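Colleague: I have a new structure to look at. Can you walk me through its charged pairs?
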Amino acid sequence: MATTMMKKSEETYSSAMELAAKFEDNFVELASTLSKLKALDPKAFAEFRKLSGVGNRKAYYLVKIADVFHPLKVPKPTMKALGWTKCMMLSDHINSKNKDKLLKFALDHTVKEIEAFVKGGDVANNAHSVLMYFNEQDYSELTDALVAHGAKRSGRGLVNKEEALISLLNSLKGKTKK
């Protein structure tokens, strides 16, 4: 019996490592495999997190996705169409009663819009996303300026950064928010 469990654990671990190599294409299968691995052999799950390149946080997110979406019988193509980030965003909110409504909304909206929707806030239908890269010093100066204008530090990032950026811009133009 122990030998069978060990073999099953090794097979699951090996499968997880293979799936992790092409994460974006395989996140649904990887999520399910990691959920099994975590239940079957927590030590192997810990080793996977160290050696796979997926990382701790993402590995746990994937387990959560599998544990939430599998019982709801969300089709794999739907999950793939959403992507792992949207699935993660929905995992704290989706249930059998709101599943269809949330999935339909999520397929047609951005992560930011989904975040507002599940919190009951307004969904901006014309929001734009901006991706920028900074060196360490410039990023530090940017985050300090955003915090000075209302952003809050949260983990390794900031919350309310959009509002803080607008406040910063308005202060540079000599405007105040009404």
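**Salt bridges in the model**

Modeller: Let me start with glutamate 115, which is partly exposed at 26% relative accessibility. Partly exposed lies between buried, under 20% relative accessible area, and exposed, over 50% (1.4 Å probe, protein chains only). This is a predicted model: local features need pLDDT of at least 70, side-chain atom pairs count only at pLDDT 80 or more, and totals for chains, interfaces and linings use all residues. Residues are numbered from 1 along each chain as its sequence is written, and side-chain values use heavy atoms, with hydrogens and water left out.

Colleague: Which side chain meets glutamate 115 in a salt bridge?

Modeller: Lysine 112, at 3.5 Å, N to O. A salt bridge here is a side-chain nitrogen of Lys or Arg within 4 Å of a carboxyl oxygen of Asp or Glu. Both residues lie in helix H8 (residues 111-118), three residues apart, about one turn of the helix. Helices are DSSP runs of H or I, at least four residues, numbered from the N terminus.

Colleague: New topic. How many salt bridges does a search of the whole structure find?

Modeller: Eight. One of them joins lysine 76 and glutamate 29, with the closest N and O atoms 3.5 Å apart. That pair links distant parts of the chain, helix H5 (residues 76-82) and helix H2 (residues 23-40), 47 residues apart.

Colleague: What about glutamate 29 and lysine 80?

Modeller: They form a salt bridge too, at 3.4 Å between the closest N and O atoms. Again distant parts of the chain are linked, H2 to H5, 51 residues apart. Lysine 80 is partly exposed, at 37%.

Definitions and conventions:
Helices (H or I, at least four residues) and strands (E, at least two) are DSSP runs, numbered from the N terminus.
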